[in-house]
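Okay, thanks for coming, everyone. Let me put the structure up and then talk you through it.

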Amino acid sequence: MKILRWFAVAIILMSVSIAASAEYLETKVSFTERLNTSAETLVVLVPADTEELSLSGWSNETAAQVNRAMSVREFTGAAKQQLEIIAPAGLAVERLVLVGVGSPSELRRTDAEEIGAALANHVNSTKAETIHVDTRLVTDAADNARVSASIAHGVDLRNYRFDRFKSQPDPRPSQTYEWLTVGNSSAAAHYETFQGLANGVFIARELVNLPGSSGYPAAFAEMARAALEPLGIEVTILGPEQVRELGMGALYGVAQGSQHKAHLLVAHWKGSDDQPIALVGKGNTFDTGGYNLKTAAASILAMTTDKAGAAAVVGAVAALAAERAPVNVVAVAPLSHNLISGEAQLPGDVVTAGDGSTIEVANTDAEGRLILADGIWYAREHFNPRVIADIATLTGAKVGALGTEYSAIFSEQDDIIRTLRAAGENTNELVWQLPLGPYSNITSSRIADRRNTGSPGAQAGAIFLQHFAGDTPWVHIDMAGNALIQSASGIHPEGATGYGVRLLTEWVKIYSAE
Ligand code: BES
Ligand code: MN
Ligand code: ZN
């Protein structure tokens, strides 16, 4: 009896098994200091400048073959190198995959994630179902934990699939990965934090991937609620009547032509008693342009992504709550459906926003700033935040200026710009500052307090929104074009990227620690 109990405890200590983000992944991941099983594929993490590679248990024959292959392919262990040896002599595994990790203490998290993504992509191209990853050449325990966990995280990020509309989906990656780490490596604990983050990214990807008639405002809000409440996040959903009663006419107007009227989603993770950080995300669940109809087939088709800002703030609070981050953060997502009908708003209409100011809707396709105006106002009015970050797929002008690898950030607060840039570097969700400039009058209107268009285009959106932030420190993040990719690349499978979740999760942690 005693022996049995000791044995059970020993097994638990030896191997920490974690169900990978259950809803979205079918891979299984565990970390151990001793492997008892066998695998089809053995992966070895190899630090830079490894001249002779030999692991305990390898025969001379194995080592000779491996080292010859390394020299033929000029594999040195530089970060991101990958070398596969099929049917390695003297080993039971079918494949041996060497993965370069460079200098482990200097390996950036984003590079480790890319390494994991490339590994996943390779493993998925084989039939292997069981994978051992030997990390013991990364000898320093702290480096081992960091590097192993971020590579495992990169595997997960790449393995998300959006297949809910396939009647016969391709089988999802469903391998078992066992990570062999060194003593005292806390890889499992690091990985668990990353799982919360990956889950946040998956929630965002799922919401963004939803077609326009499936992810309408109420559906978006309920999906978010289902994902967030189990994490201890307080979720409030305001329906169209409440939106109107609270005076949010700018938000209401955008969806008034659709049978799916406007909603406002509020998700509050109160991990500390600090003054809250507000994240306001554009949730236009489809953008036809309204009466200023989008007429280019490709551009209207991409507008299922017009809810990506809202998805990003939902995913970020999910990630922060999952890791029990000691931050007070509230996500506010105004949700609309920009459609046409006999009830839709018309170009030139005037609406009254929550703050009582009037807006000339000079172009119904500039709807993002209309719904964000009320989202920002609501956050300010109800949460008195120390800072507001809004994030939105706002303008084509931003895509023209910066492309799709950067988002544009606009702010008058240098500390916000600096911390956002740091968060962008840490997560490879890059940001680039554009000036608000001497453009404060570009949105003035002849007939109302302001209008929703102006030139230059990206600045007009920012200048318009700045009014609604009042004197609360504020940043506007224009992520137009970053939400979707046509083919898989790095940590992203094809489709929605989940852009913004990793950036905002990191930024909230950096900003609130200052
Ligand atoms: N959702 C679009 C912006 C967009 C463009 C997102 C490309 C993703 C990729 C936004 O609502 C929009 O239509 N913006 C207009 C504004 C204009 C009418 C002032 C634009 O940028 O053309
Ligand atoms: Mn639009
Ligand atoms: Zn839009």
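Predicted model: local features only at pLDDT ≥ 70, side-chain atom pairs only at ≥ 80, totals over all residues.

I'll go through the metal site, then some helix packing, then a few loop residues.

Let's start with the metals. What coordinates the manganese ion, ligand 2? The donors come from Asp 287 through OD, Asp 365 through both its O and an OD, and Glu 367 through OE, at 2.1 to 2.2 Å. In sequence terms, that's a D-x77-D-x1-E spacing. For those of you who care about geometry, there are six donor atoms around the manganese ion, and the angles they subtend run from 73 to 169°, which makes the arrangement irregular.

Now the zinc ion, ligand 3. Its donors are Lys 282 through NZ, Asp 287 and Asp 306 through OD, and Glu 367 through OE, at distances of 1.9 to 2.5 Å. The spacing here reads K-x4-D-x18-D-x60-E. The zinc ion also has six donor atoms, with angles from 77 to 173°, and its site comes out octahedral.

The zinc ion's donors are spaced K-x4-D-x18-D-x60-E, as I said. Asp 306 sits in the loop between helix H9 (297–301) and helix H10 (308–322), and Asp 287 is in strand S11, so this pair joins parts that are 19 residues apart in sequence.

Okay, on to the helices. Take helix H4, residues 141–159, and helix H5, residues 187–209. Their axes are 9 Å apart and they pack at about 25°, so H4 and H5 are roughly parallel to each other. The crossing of H4 past H5 is right-handed. On the H4 side, the contact includes Ala 145, Ala 149, Ala 152 and Leu 157, along with Arg 146 and Asp 156; from H5 you get, among them, Tyr 191, Phe 194, Leu 197, Val 201 and Phe 202. If you sort the residues of that contact by type, you have 11 nonpolar, four polar and three charged.

H5 has another partner, helix H15, residues 501–513. Those two axes come within 9 Å, crossing at roughly 135°, so H5 and H15 count as oblique to each other. That crossing is right-handed too. The contact is made by Leu 197, Gly 200, Val 201 and Ala 204 from H5, with Val 501, Arg 502 and Thr 505 from H15. By type, that's four nonpolar, two polar and one charged. Leu 197 and Val 201 also turn up in the contact of H5 with H4.

H15 in turn packs on helix H13, residues 414–427. The angle is about 130°, with the axes 8 Å apart, so H13 and H15 are also oblique. The tally here is eight nonpolar, four polar and three charged.

Most residues other than glycine have a negative phi, and most peptide bonds are trans. Asp 49 isn't a glycine, yet its phi is positive, about 60°. You'll find Asp 49 in the loop between strand S3 (41–47) and helix H2 (60–72).

Then there's the peptide bond from Ser 455 to Pro 456, which is cis, with omega near 0°. Pro 456 is in the loop between strand S18 (450–451) and helix H14 (457–469).

And finally Leu 91, in the loop between strand S4 (82–86) and strand S5 (95–102). What does Leu 91 touch, leaving out residues up to four places away in sequence? Trp 58 and Thr 62. Leu 91 and Leu 42 are 49 residues apart in sequence, but C-alpha to C-alpha they're 9.5 Å apart in space.

Note on methods:
Residues numbered from 1 in each chain as written. Chains lettered and ligands numbered in written order. Heavy atoms only, no water. Axes fitted to C-alpha atoms, helices over the stretch in contact; angles between N-to-C directions. Helix = DSSP H or I, 4+ residues; strand = E, 2+ residues; numbered from the N terminus. Parallel < 35°, antiparallel > 145°, perpendicular 65-115°, else oblique. Left-handed = near helix turned anticlockwise from the far one by under 90°. Contact = heavy atoms within 4.5 Å. Nonpolar A, V, L, I, M, F, W, Y, C, P; charged D, E, K, R; others polar. Donors = N, O, S within 2.8 Å, 3.2 Å for Na, K, Ca; no water. Tetrahedral: all angles 85-135°; square planar, octahedral: opposite > 155°, others 65-115°.
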